[in-house]
Protein chains: 2
Amino acid sequence: MKTIMQCVPNYSEGRNLDIINKIAECFKGKEGVRLLDYSSDEDHNRSVFTIIGEPETLRDAVIASCEVALNSIDLRNHKGQHPRMGAVDVIPFIPIKNYSIKDADDIAKQVGKYLGEELNQPVYLYEKSATNPSRENLADVRRGEFEGLFEKMQKPGWEPDFGPTSPNPSGGATAVGARMPLIAFNVNLATDRLEIARDIAKKIRHSNGGFRYIKAMGVMLEEKNIAQVSMNVTDYTKTSLYRVFETIKMEAQRYGVGVVGSELIGLAPMQAFIDSAQYYLRLENFSPKQVLENRLLEVDE
Amino acid sequence: MKTIMQCVPNYSEGRNLDIINKIAECFKGKEGVRLLDYSSDEDHNRSVFTIIGEPETLRDAVIASCEVALNSIDLRNHKGQHPRMGAVDVIPFIPIKNYSIKDADDIAKQVGKYLGEELNQPVYLYEKSATNPSRENLADVRRGEFEGLFEKMQKPGWEPDFGPTSPNPSGGATAVGARMPLIAFNVNLATDRLEIARDIAKKIRHSNGGFRYIKAMGVMLEEKNIAQVSMNVTDYTKTSLYRVFETIKMEAQRYGVGVVGSELIGLAPMQAFIDSAQYYLRLENFSPKQVLENRLLEVDE
């Protein structure tokens, strides 16, 4: 593939395997599209797909998956820990190779227009595609969630960018936009006290005075009976994983609580790991050119 | 490139630019071969080339470079600080991508056979290609160097694997073999006491009871006036950087000495950094497939 775009659509279904498989089928075995990964979370009741592909082919496959989601997911019966406002909740397009954020923005707007005009799903453009600064942040766009959507859409300033001016009864509304690569990074605490995870999330996230590129919330992992600080790292080149991880460890100490582990959901760029290795191993005078794979990727171009 | 092999041949010439350039020409502008790096050291009177390529193409380019070296370098007039026994001294083949150590061993033996039978250069197979445990370690094979080679080759157990049973008069003998990627990793101590670095090196290296894949020695960095534990990690997949680093920290504590930093010389595979990040960040259920670049490298096939 000469140009590669990535798309990481989030669907509000994490339990019904039939539906999840039907969504996956939209991406499997298609020329010019590659389904890299998908994972479903029962507690979140949500599935995250990671697909890369040539821009136009990828766009069409994503649209097909939205039709499946809108026809099979009914948010009126949906319960889960993750905030959501749409059956297909959010569709970010990310430039990967020989592709600019402007190109990703073009594709995002094409998808938004199709969802709004052909599938009757209200669409909010967010992140780099936002038509207004108040729509850049996904949390702001999604605030009130599906249940509050009807009321929110009546308020001045919250008319959608595409599609009808009231929610799709079963499908809600969808956020679509271009953004830089994002890392979903969660840290598990050795406690069942959700309020500790919530408190730490508050301390480290940008909106409450924490790191510039961290969005965070506390969630309960019912299966394991432990509390988790669940994060999005929106620019790992400026807010490094190790810095956030060590800060969470430090804040947890104040409660006498340990960190049992962490997890990455989906994909992350190599450099995010190298940054952390470089910090912990105290590497000096290190250059990315010393990583063999960086040389291989040059070769492949 | 679908399959990639690396070769890091060492030539016993570090001063005569004409010869060094003639060797480099064997790798430049060739389809399927890429010269990543080469450096010459006047004190060592030695040049090290790093080349990657498709196995067969790379093999042929390496053979061509050996012809140049054997025709232009005369060890009878060679002086330098680095131990050596051949005009082309050592030729390791390293599997990088879609390639096993067994495949690298095959190529090494093809090159060894050609050098022995067509170029009259005695060849010892070493490392993973060794036909005898006493030939695994390069230092053992090379002990006595060019000057002691005639005598050594008469001893029982030191007949070469390919080629004539006495040295090439001007070219000596060559070690050829397959090995895993090697990482040159050094840890700097906050002390000017060389004996501490030497003591730690002893504790962590395989030959004295330490880690299986660590070779180590204590050296003095005169410029910085600090002692360093200088290492070769011969299989980072089994002896991880973080484990060695933390052990050195622990052993240094016993002397009340801190670790000021570390450094990597040359290239290292991405996975070596990821292993360390995974340990320190306590990542659970992590798969190399979650690293974006691993997926990009697959896509390019």
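Predicted model: local features only at pLDDT ≥ 70, side-chain atom pairs only at ≥ 80, totals over all residues.
**View 1. B:Asn21, an exposed residue in a helix of chain B.** Here we zoom in on helix H1 of chain B, residues 17-25, where B:Asn21 sits. B:Asn21 has 10 C-beta neighbours inside 10 Å, so this residue counts as exposed. For a sense of scale, B:Met250 is 229 residues away from B:Asn21 in sequence, and their C-alpha atoms are 46 Å apart in space.

**View 2. Helices H1 and H2 of chain A, side by side.** H1(A) covers residues 17-25 and H2(A) covers residues 55-72; their axes come within 8 Å and cross at roughly 160 degrees. An angle over 145 degrees counts as roughly antiparallel, so that is the label for H1(A) and H2(A). The crossing of H1(A) past H2(A) is right-handed.

**View 3. Who touches whom between H1(A) and H2(A).** From H1(A) come A:Ile19, A:Lys22 and A:Ile23, and they meet A:Ser65, A:Val68, A:Ala69 and A:Ser72 of H2(A). Sorted by type, the residues of this contact are 4 nonpolar, 2 polar and 1 charged.

**View 4. Chain B laid on chain A.** Any two copies of a chain are related by a rotation about an axis and a shift along it. In this case a turn of 174 degrees with a shift of 0.0 Å along the axis puts chain B on chain A, with an RMSD of 2.7 Å. That relation is the one a two-fold axis gives. Both copies use the same surface, as 92% of chain B's contact residues recur in chain A.

Note on methods
Residues numbered from 1 in each chain as written. Chains lettered and ligands numbered in written order. Helix = DSSP H or I, 4+ residues; strand = E, 2+ residues; numbered from the N terminus. Buried ≥ 20, exposed ≤ 12 C-beta atoms within 10 Å, placed from the backbone. Least-squares fit on C-alpha atoms with pLDDT ≥ 70 in both. Contact = placed C-beta atoms within 7 Å. Axes fitted to C-alpha atoms, helices over the stretch in contact; angles between N-to-C directions. Parallel < 35°, antiparallel > 145°, perpendicular 65-115°, else oblique. Left-handed = near helix turned anticlockwise from the far one by under 90°. Nonpolar A, V, L, I, M, F, W, Y, C, P; charged D, E, K, R; others polar.
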